[in-house]
Every structure is written in structure tokens, then in C-alpha cells.
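The points proceed from the contact between the chains to the individual elements.

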Amino acid sequence: MSASMSRVDDQPLLVVSDLQVEFRTSDGVAKVLNGVSYHVDAGETMAVLGESGSGKSVTAQTIMGILDTPPAHVTGGSVRFHGEDLLTVSPERRREVRGSGIAMIFQDALSALNPVFTIGFQIAEQLRLRQGMTRREARRRTIELLDLVRIPHAARRVDEYPHEFSGGMRQRAMIAMSLALDPEVLIADEPTTALDVTVQAQIMDLLKEIQDERQMGLILITHDLGVVAEVADRIAVMYAGRIVEEADARSLYRRPAHPYTEALLDSIPRLDLKGQQLRTIRGTPPSLLNVPPGCPFHPRCPRAAEPCRTTLPTRVALGVGRASACHFAEEVVSRG
Amino acid sequence: MGRYVLRRLLQFIPVFLGTTFLIYTMVWAVPGDPFAGKCGERPCPDAFVTVMTERFNLNDPLLVQYVKYLGQLLQGNFGETFSGVPVGQLIVDAYPTTVKLAVVALVIEAVIGISAGLLTGLRGRGFLDNLVLVSTLFLIAIPTFVTGYVLQILLGLRWGIIDPTVSSEAAWGELLVPGFVLGSLSMAYVARLTRTSIAENLRADYVRTAVAKGLPPRRVVGIHLLRNSVIPVITFMGTDLGALMGGAIVTEGVFNIRGIGGLLFRSILTKEGVTVTGVVTLLVIVYLLMNLLVDVLYAVLDPRIRYD
């Protein structure tokens, strides 16, 4: 395959570097991504953590090439898959990569699935169109996929419509759909947010299991620190269109290197602090039309000092695979 | 679904009885001599009036008249005009032409309306969008008889592209321009409805999913987007077909088409009560059937709709 031929050996599977995206609206230009970089390798889980509006979904949509343009415009950076920059290839090549190279599952499976076609139709159409299977072959393979994600009575449910599935089953069907073309990288955009807690755990277990089996790279986008802790190998924390901290999961939880990460971890309800006031992060994320000067987090930061108000902090490397965009990164990390 | 259809069909019975009774009453209970002017300048001879009164049961109380009429109707007998022509025959002669005209109008409406709506809905603001918006507004604003006469004069008389009137065979080709005139108003609505529907669904999550699956753009639009967007459009067109089947008095009049609309119009003018009652009864049934068809179609198009 051409994809594997162009592989640069010492490069990770998917590398996003210095991604710049802006939304041009009638209210002005919002810089939604300001130089986002991360990478994921085969068999690895990269979690992207952040509040709503931090740019984590936009990054994923840029990788997939499914941004709504207008208003979104990619103004810089690259998305290298096997070394090939997806932002500069032809639309046909881009389309080839979708589904078979990089696939995506969405937060709300009910709206992400087409309401007027059966689950089976929506999975089988990829197999028929992309892999040239006959209807019968595609149907058999679809039932296998539904079995794989443990949907009971797959042979019967293949002919049902999305609204006839429960929330958890719909998300399983969505996962089956994303696996149809054997992708090397799977992007899961808040895959469990719309589900109740017990189902959340089942879906995460399923994702993890499938990823291990297939050695897929998994980009897990979430705002749920609990979900991340169990499955992520590495974590990137996003704030106002930037990655403010990147670290392996263990180090990040033990010794966060950015005040924002610190605050996020503090805001998790803990049993040993039962009865005490839950700590929150004061203020709200900044409007991207009007980002504060200096460090965008400084109005909410308990450590904010003079340089934070004027100078945008650069990424400081803190040992292997760790980085933080804070003027006081060393102090924050050594505190823990 | 089967039970729903059955229930709806049963509902036809009271509606059928109600409408036929209302129409019968309105046609026959109005004051005035039904035979006035039937015999030229002079009043009708007594012998004629006696025969006619007997034939149409005019001496019976209205309710008895109605029941006798209904009895005949249920046996498939629509009755006769005053001059003895079977009304059933008149309907059989006129209705195929009306159905043909309705089909032509509906096809034009669907093809041009949906295409224009699809193009403008996909492209968004621009020259084409404005062109369609303005021209549909124009069509909506102009009465049918104006469109009809203008096209007849321009295409038929000035440029000689078509025959100004439709022959009694009413061939499909002859019905193109009248069909366009008849369908133009709904065509404008279909274009606007499709445009809005496409524009709304274009940003839907499932369209994004279809793109993310790596499907070709043609399939994303032609299957995933269009299939969802045409649901309200097809519902509208179904209702419209019901109306078109009721005949088009103005369009048929302008192009001299021998359809059901003209038949009804002439019968009202000449006080042919039997014909009016028969034709209107038929139209009511057709309209009810069309509405039922629309409801069933809606459930077929959108699997989330269930009637049982």
C-alpha cells in the first residue's frame, strides 16, 4: 500500500504539528487552535483533555478533514500520517485515508448516525463502496463487527434503526462502524459523555480491548479525568487552543506541571474529602474572540504573577516526554 | 401499519356520508326552480316537469331523496344529467385528462423544484441562490391565470412553439406547458422547502459521519443528505397531488382542457345537481385517499414515525 511505503521509520504513526485554525465569523476572527502539536503511535493511547471550547474537538476534526469551512480555516501546521501531510494531499487521497487510515467515533451516536437508514446499511455501505464487497459479504462482515462489539442478537439487530438501539448499544454500533475498514488510528471524541456511568465503563473497556487487539493508535478526547486515568498512556491538556501540558499519565496525575492541570485534578470529587466544599476553578474559559494577553490562563490562575500578564509562556521541556507551557513550570512540578 | 390504514379507511365512512349529504342538500335544497331556463325562452311544459320531478324524486322529502341517491351511488350509479347523459360517463371521459395533467404538473414540480432547491441549498448565498429566491417569489406572487395567459400568448400565438389550446386527446406533450402553469406555484414552494431543508441538514452530525467514513461526496449528498431532506418535500407534494387531482378550473379553462375541473365548473353554472354531487363526492374520496397515502409514505420515509 502506498501509505506504508511512504512511512518514515523513526516517525510516530500520526504527528500533528503546530496546527493553527481560526473561525472567521461576523463577530471577528477567533483563533481556535494556536500551534497544537501532539503525536500518537501504534498501540498507544493519547488522551486530549480540556474544557468545552478548548479546541480538542477542532483538532480532531482537522485531522479527519471534516471541519466546517466556512467558518473554520486551517491557517498553518501539518498533520502527518505515515509521514504524509494530509493537509496538502488531494481530496481523493484524503478521502482514502478516512475510515481506513484514521477513523473517528463521535460523542452523540444518536445524531451521528443517520436516522433513516438501518445500522446494518450504514456499516455495510463502507464495506461495499470502499472494499468492493457484495451485499451478502458486507452483511456477513457487518454482523461479525456487531458481534465483535458485543451487541446481542447481532444477526437480528443489524436490520434495526438507530432509534431502536439504547444509548450504549448505539455507541457500540458506532464503534463497529469505525472499525469496519481496519483503521490504524481511532479518534474517539467524548465517546462516553452521553452515556450513564455503568455504560461508560463498559464502552471504555471495549475500546481498550479492541485497541490492544489491533494495536491501533487511539486518540481519546474527553473532559473526564476519571476516564483518562484508567486508559491513557500519555495525556495532553488543552486550554484556549493550546496544549498547556503534556506528560505520561502517571506523572501527570502525580505531579502536574501546570497550574491548570493542578486545578483540574483538584476539582475531582474525592471520597476522603467528603463533606468538604468541592474545589472548583474560578472564572470561565476565555472567549476566543478576546483572549487575554500573556498566558491565557492567568485571570484564573492562583499563581499568576507579573510575567503571566504580559508574556505568553513557551513550552518548557521537563524530562523525557514532559512539557509544560507555564512560566513557573519547574516550581509547580517540584511542589508535588 | 396495517391496523392504522384500516382504521383510517373506516374513518372514510362518516366523512363520505357527511360530505355527500352536505353537497346533496346544498345542491337540491336551494330555493329556485331547477328547470328554469331548461327549455329555451319559454317555461318548460308541465309534462316535462312532471317526468323530471318523478325521475329525480323531487317530490320526496330531502332526506328520502338523499337516501335514494346514496343507494344508487353505492351500486356505482352516479345518476344522469337532465338531458339523460350518465354522469359516470362524463367522469370517465374527463378524469383521465385531469390525472394526466396532475402527473405532468407534479413531475415538473418535483424535478425543477428539487433540483433548484438542492443546488441553492448546497451552494449557499450567491447569484444562483438569489436568482431562485427572486424567481420563486415571482411565481408565488402571480396568479395562475396570468401565468397561463402570458405563456399561451407568448409560446402559442406569438412564437408558435405550442398549440394555444390542448386537443381533445390531450397528449402528454400538449400538457407540458399547462402542467408547468398548474405546477408553478407548488414548484416555487418545493424549491424553497428543499433549499431550507438541505441547508439545515448540511451541517447535521450524520452528514459529518458520512464524510468521516470516507464516502464519496456524491454519495454523502445523494444518499445521506438528500434522503433526509426530501421527507418534508415529499409530504408537501403528496398533499399537493390531492389538490391537483381535484382538477384545475383556471388552467383547464385557459388551455381548453376537457378535465374534471371544467366539468364541475360548467355543471355548477347550468345547475346540473346530479353531476355536481357525483363529481364532488368522487373528489372528496380521492382527496382522502391521497392524504392517507401521504401519511403512509411519511412513515415509510422516516422510520422513526410509527402509527401503531
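How many residues of chain A are in contact with chain B, and how many of chain B with chain A?

1. The model is predicted. In it, 22 residues of chain A are in contact with 18 residues of chain B. On the side of chain A that touches chain B, the elements giving two or more residues are α3 (91–100), α4 (109–112) and α5 (119–131) of chain A. Of these, α3(A) gives the most, with five residues. By class, this side of chain A has 10 nonpolar, six polar and six charged residues.

2. Chain A also holds an open sheet of four strands, in the order β2-β1-β4-β5, with antiparallel pairing. Its edge strands are β2 (28–40) and β5 (84–85) of chain A, each of which pairs on one side only.

3. Strand β4 (residues 72–81) of chain A runs antiparallel to β5(A), and two bridges join them. Phe81(A) has Glu84(A) in β5(A) as its bridge partner.

4. Helix α2 (residues 56–64) of chain A lies across β1 (14–25), β2 and β4 of chain A. The direction of α2(A) is at about 110 degrees to that of β1(A).

5. In chain B, attention may turn to a pair of helices. Helix α1 (residues 2–28) of chain B packs against helix α12 (residues 273–301) of chain B, with the axes 10 Å apart and at an angle of about 155 degrees. Because of that angle, α1(B) is roughly antiparallel to α12(B), angles over 145 degrees being counted as such. The crossing of α1(B) and α12(B) is right-handed.

6. Which residues make up this contact between α1(B) and α12(B)? On α1(B) they include Val5(B), Arg8(B), Phe12(B), Phe16(B), Ile23(B) and Trp28(B). Among those they meet on α12(B) are Gly273(B), Val276(B), Val280(B), Val284(B), Leu288(B) and Val296(B). The residues of the contact of α1(B) with α12(B) divide into 15 nonpolar, five polar and one charged.

7. Finally, an annotation should be noted. An unreviewed UniProt entry lists residues 95–298 of chain B as "domain: ABC transmembrane type-1". In the model, this span of chain B is 80% helix and 0% strand, and its end C-alpha atoms lie 27 Å apart.

Note on methods:
Residues are numbered from 1 along each chain as its sequence is written. Chains are lettered from A and ligands numbered from 1 in the order in which they are written. This is a predicted model: local features need pLDDT of at least 70, side-chain atom pairs count only at pLDDT 80 or more; totals for chains, interfaces and linings use all residues. UniProt positions are given in the numbering used here, feature names are shortened, and annotations may be inferred rather than shown by experiment. Two strands pair if DSSP finds at least two bridges between them. Two residues are in contact if their C-beta atoms, placed from the backbone, lie within 7 Å. Axes are lines fitted to C-alpha atoms, for helices over the stretch in contact, and angles run from 0 to 180 degrees between N-to-C directions. Angles under 35 degrees count as roughly parallel, over 145 as roughly antiparallel, 65 to 115 as roughly perpendicular and the rest as oblique. A crossing is left-handed if the near helix is turned anticlockwise from the far one by less than a right angle, and right-handed if clockwise. Ala, Val, Leu, Ile, Met, Phe, Trp, Tyr, Cys and Pro count as nonpolar, Asp, Glu, Lys and Arg as charged, and the others, Gly among them, as polar.
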